[in-house]
Amino acid sequence: MGFLERAIRKGISDGIGKAVGNAIAQAVEPKATEFVNRTAEHLDSAADSSIQKSSSFSGMEGAFSNLERAAQDFAAKQAENLKICLSCGNVVSAEQKFCPECGEVLPEKTVAQSAVCTSCGKQNNIGMKFCADCGTKLPAAVMEEEGNARKRAAVLVEWQEKLSQYPVWEFEGENLYIDEYDGYFTFGAEFKGNSAAARNAVEKYRTLLLRNGFRKAGQYPSDSHLYKMINGICYHVDLEHCFECGSDSINLAFMTGEPTGGFDYIKPEPKKPANLKGLFKF
């Protein structure tokens, strides 16, 4: 594959990604790859012919200028036959009614239909949230908000089951989740590139923890590790490592166990120097 053909393939693939987003792009991958290959080979062949005839790329300008638009139109056409599960984000064919991954009821609208404005009827590019002609919020955006609300509600129910000793997360963030590992739980939320909002949310939760009786403890007290003793069990929230998945994604750890030195660690009094007076007689 030559340099030109690689560039053409990348241009077409980028166009498809811009038109429908990564999830849809992956779903239409087989047909998209066929389209990319066919178009790239055609343009590469045409370019070779142009070079042989005139040692220039004149005549190819129109083809390249329409390349991305053609890719977007192709992807949008494929999206007429696809749906996205609002619960897990799985992309499925339009005729299905239930998600094969999570079993949830699928939306009635296809991906393409969800980009049609309900006010003026314009078919917008897939991925847009508001109509380009009249500014009306598109069905895709409405469905996304409804899906996020359902997922948030489900996570908060799970919180009451698994993290009832900790104050409930009541702040910003999307795609909330709770995972269980060996003896502890993690809670995560995404802020989609807004690192400042993620840091602000963590600080708000730290304040909420303090208001609910969590505090620094142990031999090495830290604002990033807060503890609370409830019925003889020490509950611990780790805020220190909450950005290890990225500055715009938080991941809080909830576990039990006392800090080094114990929950009620008391720093020992420094030893007084020995009094040697009277030990020697002159």
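A strand here is a DSSP run of E of at least two residues, numbered from the N terminus. Thr256 falls in one such run, β7, which spans residues 249-256. The model is predicted. The protein has six helices and seven strands.

**Overall make-up**
- From the N terminus, the elements run α-α-α-α-β-β-α-β-β-α-β-β-β.
- The protein has 282 residues, and 35% of them are buried.
- Among contacts with a separation of 6 or more, 47% join residues 24 or more positions apart.
- The exposed surface comes to about 17,100 Å². Carbon and sulfur atoms supply 51% of that area.

**Strand β7 and its partners**
- Six of the eight residues of β7 are buried, so the strand is largely enclosed by the rest of the structure.
- β7 pairs with strand β4, residues 185-190, in the antiparallel sense. Six bridges link β4 and β7.
- Ala253 of β7 has Asp238 opposite.

**Thr256 in its surroundings**
- Thr256 belongs to β7.
- Beyond its neighbours within four places in sequence, Thr256 is in contact with Ile233, Cys234 and Tyr235.
- Val237 is 19 residues from Thr256 in sequence. The C-alpha to C-alpha distance between Thr256 and Val237 is 8.6 Å.

**Cysteines**
- How many disulfides does a search of the whole structure find? The search finds zero.
- The cut-off for a disulfide is a sulfur pair within 2.5 Å.
- Cys242 has a relative accessibility of 2%, so it counts as buried. The limit for buried is under 20% relative accessible area.
- Cys234, one of the contacts of Thr256, has a relative accessible area of 3% and is therefore buried as well.

How values were computed. Residues are numbered from 1 along each chain as its sequence is written. This is a predicted model: local features need pLDDT of at least 70, side-chain atom pairs count only at pLDDT 80 or more; totals for chains, interfaces and linings use all residues. Side-chain values use heavy atoms; hydrogens and water are left out. Helices (H or I, at least four residues) and strands (E, at least two) are DSSP runs, numbered from the N terminus. Contact means heavy atoms within 4.5 Å. Buried means under 20% relative accessible area, exposed over 50%, partly exposed in between (1.4 Å probe, protein chains only). Two strands pair if DSSP finds at least two bridges between them. Accessible areas come from the Shrake-Rupley method with a 1.4 Å probe; for residues, only the protein chains shown count as cover.
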